Amino acid sequence: MSRKPFIAGNWKMNMTVASGKKLIEDLKPLVKDANCDVALCVPAILIPEMVKAAQGSSIHIGAENVHFADKGAYTGEISADMLKDYGVKYVIIGHSERRQYFAETDETVNKRTLTALNADLTPIVCVGETLSERENNETEKVLDRQLEVGLKGIEDLTKLVIAYEPVWAIGTGKTATDEQAQETIAYIRKKLGQLFCPNCAEKVIIQYGGSMNAANCKGLMAQPDIDGGLIGGASLKLDFATIVNFDK
Ligand code: PGA
């Protein structure tokens, strides 16, 4: 089963119009021969200018969150239609920072995912265990819950992307080893096969995220179940191009 690799950046709350445009201009020639899908998920206010900057390149622009309601009295939130207006293709949902700091739950992840799919956006649904959960041997239990609740009611699993991001590896410089990442992502694929169907689980793109960088990307990408990366810190610099060209 061949799955097209997918490398996505997550700028988080970084960059300005000027620095974002400059980075995209510099990345364009470096990623033009990529053999994978490429996206940069950027702060909502930067989306219009970054979409313009990425025009004519293989870089897709994504968002970092979406509200689950179509519209209404949700001060400060952004709807799927608003993202679509600017040509956004991907949206990160349920990142651990949103779970930790903004009261995101598996239930709200589920609502946002359904809303995004309904709007033809491709959700990048983040799952992953904390350090204490891993140390207490609860990784599988946590992933089971995040997948069962977060993906409830989804009709076509292949329309979304999963990002396995162990919380202890995010922004810490502490990457999961190739074997740890492979083992857990293989578990996620098996679980998706049980929840949906084995054939769709074989097709779904599953990324690794958590301190993935120019130095460790090759080893991670060589693992049979790892189809890509969700890149935080290293997506703020030209290292992102090295990761996109992991196979060269
Ligand atoms: P990191 O972030 O690469 O800086 O660890 C990854 C993420 O949070 O998506």
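How many disulfides does a search of the whole structure find? The search finds one, a disulfide being a pair of cysteine sulfur atoms within 2.5 Å. The structure is a predicted model, in which local features need pLDDT of at least 70 and side-chain atom pairs count only at pLDDT 80 or more, while totals for chains, interfaces and linings use all residues. Residues are numbered from 1 along each chain as its sequence is written, and side-chain values use heavy atoms, with hydrogens and water left out.

The bonded pair is cysteine 197 and cysteine 200, with 2.2 Å between their sulfur atoms. Cysteine 126, by contrast, is in no disulfide, and the nearest cysteine sulfur, in cysteine 41, lies 8.9 Å away. For cysteine 217, the closest cysteine sulfur is that of cysteine 36, at 10 Å, which is too far for a bond.

Burial can be read with these cut-offs: buried is under 20% relative accessible area, exposed is over 50%, and partly exposed is in between (1.4 Å probe, protein chains only). Cysteine 197 is partly exposed at 29%, whereas cysteine 200 is buried at 15%. Cysteine 126 is buried at 2%, and cysteine 217 is buried at 2% as well.

Turning to the strands, these are DSSP runs (E, at least two residues), numbered from the N terminus. Strands pair if DSSP finds at least two bridges between them. Strand S6 (residues 161-164) has Val161 and Ala163 pointing one way and Ile162 and Tyr164 the other, all of them buried. S6 pairs in the parallel sense with strand S5 (residues 122-127) over four bridges, and valine 161 is the bridge partner of isoleucine 124. Four bridges also join S6 to strand S7 (residues 205-209), again parallel, with isoleucine 162 partnered by isoleucine 206.
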